[in-house]
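Okay, thanks for having me up here.

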Amino acid sequence: MKNLNGKKILLIICGGIAAYKSLEIIRLLKKNGSNVKTILTNNAKNFVTPLSVASLSQEKVYTELFNSENESEMDHISLSRWADLILIAPATANTISKINFGLSDDLASTVVFASDKKIFIAPAMNVRMWENRSNKENLKKLVDFGYEIIGPEVGDMACGEFGMGKMSEPATIVNHINNYFKRLENNKKFKALVTAGPTHEYLDPVRFITNKSSGKQGYEIARSLIENGFDTTLISGPTNLIPVKGVNLIKIKSADEMLKVTLSNLPTDVAIFSAAVADFKVKDKKNEKIKKNKFSELNLEKNTDILGYISNHNSLRPKLVVGFAAETTSLKNNSLKKLSEKNCDWIIANDVSRDDIGFESDFNQVSIFYKNNSEENLPRMKKSSLANEIVNRIISQLN
Ligand code: PMT
């Protein structure tokens with residue numbers, strides 16, 4: 001498992017009988033060259049001792065949120081900064097619930113709350129607790145937030161019952177983490193470009209033509225690409241969104257600027273055109289505010305179709321070109337028409353007549369049309385989850 005060599009793993013051990021297996025996780029990670037620091041929750045100390053954890057990890061074990069000896073230490077910040085990755089194993093139903101609700105009343109939950117690192121969760125609990133609806137809801141939310149869940153598995157439990165809830169074996173967990181680093185390493189060689197948000201086509205200094213795009217879908221795709229190791233450039237129209245860490249963000253206003261910046265950021269391996277580019281601009285933009293009685297004199301002209309232009313120029317064309325289609329009627333027919341007219345490899349189609357998906361919403365529901373087949377009516381999901389779905393398909397295609 002050579003991808004673990006030199007990696008800094010922060011292991012959070014919660015209070016469940018599976019905590020004894022965490023000692024084996026530490027041993028395997030160390031054997032494969034990782035540096036391991038650990039946090040024990042208060043309850044974890046009932047199952048494994050700080051001394052055994054410290055002996056195996058060869059590091060100090062962290063247990064307290066506040067440090068009276070050195071109050072400037074702030075372990076919850078320094079540990080999260082130190083880590084390449086955080087693994088919670090075993091993750092109890094209580095800790096899963098705390099993380100979902102953003103509670104931070106001990107060192108473990110506060111570190112997670114303060115972290116922007118990739119977090120893996122290996123749940124372990126009794127089968128009834130696993131099947132409890134609040135546990136299911138909590139985990140669903142954590143997946144939407146971008147946490148990765150490993151296991152659990154079906155098996156005999158310490159409480160005498162049999163069923164789902166047994167923590168995955170240490171080797172499985174460590175292998176999963178190794179595969180994650182391997183994926184990052186493999187994808188490092190790929191360059192990706194994403195367009196997102198609306199464009200503003202100014203009529204005069206204060207008025208413009210635009211649409212309802214918030215940029216959320218495109219920003220989530222850029223986030224998922226960077227989290228998967230891609231060298232990612234995001235070309236964004238005006239939005240109120242926070243930049244995604246690690247992504248090369250270029251902000252533009254008009255379709256002409258988006259075209260220019262897109263061209264200057266090619267070649268890439270993949271380009272995803274999720275921006276809602278205004279189809280028209282005014283022919284003669286005025287330098288002064290237009291008087292009310294002069295609006296009828298405005299003439300519109302078509303903006304260049306950025307996606308169409310790039311996919312129809314062989315020298316510019318990325319290996320994989322993914323377009324979107326925002327439709328209100330005949331979604332399939334219109335999308336297939338766009339797939340062929342704009343010469344892209346995939347079209348991701350959404351129905352923008354609905355309020356619960358598409359423009360502005362945190363959710364989306366799409367159909368994906370490929371050149372020779374399709375995946376129609378994927379379930380409605382958070383834009384973050386859809387972004388992960390799209391990026392997983394991109395990774396399979398590029399590899
Ligand atoms: O931004 P959000 O609020 O999260 O909403 C997401 C979204 C609804 C904007 C997104 O999911 C979406 O559908 N994006 C495409 C919007 C659009 O303009 O679709 P279209 O069917 O008009 O265009 C088809 C394709 O051509 C798109 O990939 C578009 O980016 C591209 N295009 C269109 C016109 C143009 N001048 N240049 C282009 O590149």
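When I say contact, I mean heavy atoms within 4.5 Å. Before I use that, some housekeeping: this is a predicted model, where local features need pLDDT of at least 70 and side-chain atom pairs count only at pLDDT 80 or more, while totals for chains, interfaces and linings use all residues. Residues are numbered from 1 along each chain as its sequence is written, and side-chain values use heavy atoms, with hydrogens and water left out.

So, Ile394. Setting aside neighbours within four places in sequence, Ile394 is in contact with Phe230, Val270, Ile272, Leu320 and Trp346. What is it part of? By a nonpolar core I mean a set of buried Ala, Val, Leu, Ile, Met, Phe, Trp, Tyr and Cys residues joined through side-chain atoms within 4.5 Å. Buried is under 20% relative accessible area, exposed is over 50%, and partly exposed is in between, with a 1.4 Å probe and protein chains only.

The largest nonpolar core has 31 residues, and Ile221, Leu225, Phe230, Val270, Ile272 and Ile394 touch the most other members. Several elements each supply at least two of its residues, including H9, strand E14 (270-273) and helix H13 (383-398). H13 gives the largest share, seven residues. Those labels are DSSP runs numbered from the N terminus: helices are H or I with at least four residues, strands are E with at least two. Apart from this core lies another one of 30 residues, with Leu4, Ile9, Leu11 and Ile173 among them.

The expected span of a helix is 1.5 Å times one less than its number of residues. For the twelve residues of H9 (216-227) that makes 16 Å, and the end C-alpha atoms are 16 Å apart, so the two agree. Buried residues in H9 include Tyr219, Ile221, Ala222 and Leu225. Just after the helix, Gly229 takes a positive phi of about 95°.

Now over to the open sheet. It has six strands in the order E3-E2-E1-E4-E5-E6, with parallel pairing; pairing here takes at least two DSSP bridges between two strands. Strands E3 (61-62) and E6 (148-149) are the edges, each pairing on one side only. E2 (residues 35-40) and E3 pair over two bridges, in the parallel sense, and Val61 in E3 is the bridge partner of Thr38.

What about charges? A salt bridge means a side-chain nitrogen of Lys or Arg within 4 Å of a carboxyl oxygen of Asp or Glu, and the structure holds 29 of them. One joins Lys118 and Glu148, at 3.2 Å from N to O. That pair links distant parts of the chain, from strand E5 (residues 118-123) to strand E6, 30 residues apart. Lys118 and Glu148 are both buried.

Compare Arg128 and Glu131, whose closest N and O atoms are 3.8 Å apart. They sit in helix H6 (residues 127-131), three residues apart, about one turn. Arg128 is exposed because its relative accessible area is 52%, and Glu131, at 45%, counts as partly exposed.
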